[in-house]
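Please read the following with the sequence and the model side by side.

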Amino acid sequence: MDSSNDEIIYDFPPFIKVHKDGHVERYNEVETVEAGYDPDTGVQSKDVVISPESSIKARIFIPQINNPAHKLPLLVHYHGGGFCTGSAFQIETKNFLTSLVSEVNIVAVSIDYRLAPEHPLPIAYEDSWAGLQWVATHFNGLGPDPWLNAHADFGRVVLAGESAGANTAHYVAIQAGSTGLAGLKIQGLIMVHPSFGGVEPRRMYKFLCPSSSGCDDDPKLNPAVDPNLKKMSADRVLICVAEKDSMRFRGKVISSLINKPINDVKAAALAEQVFNLLIGPANGVA
């Protein structure tokens, strides 16, 4: 065995190491958990296949249903993890969304996109957009999933994500607006610690997305150069940035660029925070 294959040619802590032979080693393997019934909250969850061809999947959460005739707001969630780690099926995502669905009384769908570098960007973006399009097929009650047909109010939809998931949710909101996606009324976009670029090139992003310069000329890293930014589909936007997060400045800049009334765009700075992916009473911080 050639020991030189063990040589690490790319190291992007705390996400991945890439060996000379192409093997990708993740610093932290994701712990996934099965969907099902949560006896503490009454929330039910299940996994669905969005596209058998590309293996895009999602996990759907519904609260305890007391009035089947009453439709509930819908949250479409995208997980974080630098586009190369994380999952809609990881324990942190399940704990967070189970708690949120129970407390707020909503339906939630977490889209599981394929990860880079095995599936180079922009595949994660394409999967995420395909996921929202799949959700939209349920607007008339005739979609492939009975839970969404029966319980989701497609006139009250919010997109949300943390870190890379916030970047993705932002991208999907722009796609929905620029293409005129039918069937959904996107009332809100929530970006928690969004992962966009800064002045310096982002080496990891460039590696994960070979077609990108990793610099400010890429609209996925710098929304200011996106010609479709003002077409974003979201009535209200909430951007949460951490006081000590190195990417906080771009999040603040985005809030000033979005073509919404000032009262409908909020940039909330979370004092003394560095960076958290998921925060919730059920799982603490991840």
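Among contacts in the chain between residues at least 6 apart in sequence, what percentage join residues at least 24 apart? The figure is 70%. The model from which this is computed is a predicted one. Its chain has 286 residues, and buried residues account for 48% of them. The secondary structure consists of six helices and 13 strands. The chain exposes about 13000 Å², of which carbon and sulfur atoms supply 53%.

Helix α2 covers residues 123-136 and helix α4 covers residues 164-179; the two pack at an angle of about 55°, and their axes are 10 Å apart. Angles of 65 to 115 degrees count as roughly perpendicular and those under 35 degrees as roughly parallel, and α2 and α4 are therefore oblique to each other. The crossing of α2 past α4 is right-handed. On the α2 side the contact is made by Tyr125, Ser128, Trp129 and Leu132, and on the α4 side by Asn167, Thr168, Tyr171, Val172, Gln175, Ala176 and Thr179. Sorted by class, this contact of α2 with α4 has six nonpolar residues, five polar residues and no charged residues.

Leu132, in helix α2, is one of the residues in that contact. Is Leu132 buried or exposed? Its relative accessibility is 0%, so Leu132 counts as buried, the cut-off for buried being under 20%. Leaving aside residues up to four places away in sequence, Leu132 touches Val172 and Ala176, and also Val76, Tyr78, Leu159, Leu181, Leu184 and Ile186. Leu132 and His77 are 55 residues apart in sequence, while their C-alpha atoms are 9.8 Å apart in space.

Not counting residues up to four places away in sequence, Gly177 touches Lys231 and Ser233. From Gly177 to Ala234 the separation is 57 residues in sequence and 8.1 Å in space, C-alpha to C-alpha.

The remaining points concern backbone geometry in loops. Where does a cis peptide bond with omega of about 5° occur? This bond joins Pro13 and Pro14, and Pro14 lies in the loop between β1 (8-12) and β2 (16-19). Another cis peptide bond, with omega about 20°, joins Leu121 and Pro122.

Two loop residues have positive phi values. Phi of Ser163 is near 60°, a positive value in a residue other than glycine. Ser163 sits in the loop between β8 (152-162) and α4. With a relative accessible area of 6%, Ser163 is buried. For His193, which is also a residue other than glycine, phi is positive and near 50°. His193 belongs to the loop between β9 (186-192) and α5 (203-208). The relative accessible area of His193 is 1%, so this residue is buried.

Key:
Residues numbered from 1 in each chain as written. Predicted model: local features only at pLDDT ≥ 70, side-chain atom pairs only at ≥ 80, totals over all residues. Heavy atoms only, no water. Axes fitted to C-alpha atoms, helices over the stretch in contact; angles between N-to-C directions. Helix = DSSP H or I, 4+ residues; strand = E, 2+ residues; numbered from the N terminus. Parallel < 35°, antiparallel > 145°, perpendicular 65-115°, else oblique. Left-handed = near helix turned anticlockwise from the far one by under 90°. Contact = heavy atoms within 4.5 Å. Nonpolar A, V, L, I, M, F, W, Y, C, P; charged D, E, K, R; others polar. Buried < 20%, exposed > 50% of the residue type's maximum accessible area, 1.4 Å probe, protein only. Areas by Shrake-Rupley, 256 points an atom, 1.4 Å probe, with all protein chains shown as cover.
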